[in-house]
Amino acid sequence: MTIQEIQNEIVDEFSMFDDWMQRYEYIIDLGKGLPLIDEQYKTDDNIIKGCQSKVWLHAEPQDDKIVFTADSDAILTKGIIAILIRAFSNQKAKDILEANTDFIDEIGLKEHLSATRANGLVSMIKQIKMYALGYNTKN
């Protein structure tokens, strides 16, 4: 699937919920299903700066794509990074760099997060794009 197709799927899933309590529960469930980052990557180098909670993000090239793994010490934040990983993992660096993140606004995520969590979300996206930029430059 393309990044856009995955993002559309996420928007569709969120539209099934009537209120934000249900959406928060869904985000937390997504976090519980996040494949765990290998302990060796839980280092200061992989911590996303600008997040209120600790979020570790690791990127690894596989074939011509980038595979992301992550973890967080906060359950809601873990769900947020799970959504981003779902959208951007196993994609080509060029596609990640060209992808928009409008789906975040479409599901209303930013407006329903505290200011510090919203800043963290922006930092997560920035870090994903930075990894993609790094791998795109190498290829």
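Modeller: In helix 2, the buried residues are Trp20, Arg23, Tyr26, Ile27 and Gly31. Keep in mind that this is a predicted model.

Colleague: How wide an arc do they cover around the axis?

Modeller: The arc is only 145°, which puts these residues on the same side of helix 2. As background, an α-helix has 3.6 residues a turn, so residues three or four places apart point the same way.

Colleague: Which exposed residues are on the face turned away from the buried side of helix 2?

Modeller: That face carries Met21 and Lys32.

Colleague: And what covers the buried residues of helix 2?

Modeller: The cover includes helix 1 (3–15) and helix 3.

Colleague: At what angle do helix 2 and helix 3 cross?

Modeller: Helix 2 (residues 20–32) and helix 3 (residues 75–88) cross at roughly 75°, and their axes come within 7 Å. That angle makes helix 2 roughly perpendicular to helix 3. On the helix 2 side, the contact residues include Tyr24, Ile28 and Leu30, and on the helix 3 side they include Leu76, Ile80 and Arg86. By type, the contact has ten nonpolar, two polar and two charged residues.

Colleague: Switching topic, how do helix 1 and helix 3 pack?

Modeller: Their axes are 8 Å apart, at an angle of about 145°. Among the residues that meet are Ile3, Ile10 and Phe14 in helix 1, and Ile83 and Phe88 in helix 3. This contact divides into seven nonpolar, one polar and three charged residues.

Colleague: Last one: what should the 13 residues of helix 2 span?

Modeller: At 1.5 Å a residue they should span 18 Å, and the end C-alpha atoms of helix 2 are 18 Å apart, which agrees.

Terms used. Residues are numbered from 1 along each chain as its sequence is written. This is a predicted model: local features need pLDDT of at least 70, side-chain atom pairs count only at pLDDT 80 or more; totals for chains, interfaces and linings use all residues. Side-chain values use heavy atoms; hydrogens and water are left out. Axes are lines fitted to C-alpha atoms, for helices over the stretch in contact, and angles run from 0 to 180 degrees between N-to-C directions. Helices (H or I, at least four residues) and strands (E, at least two) are DSSP runs, numbered from the N terminus. Angles under 35 degrees count as roughly parallel, over 145 as roughly antiparallel, 65 to 115 as roughly perpendicular and the rest as oblique. Contact means heavy atoms within 4.5 Å. Ala, Val, Leu, Ile, Met, Phe, Trp, Tyr, Cys and Pro count as nonpolar, Asp, Glu, Lys and Arg as charged, and the others, Gly among them, as polar. The expected span of a helix is 1.5 Å times one less than its number of residues. Buried means under 20% relative accessible area, exposed over 50%, partly exposed in between (1.4 Å probe, protein chains only). The arc is that of the directions from the helix axis to the C-beta atoms.
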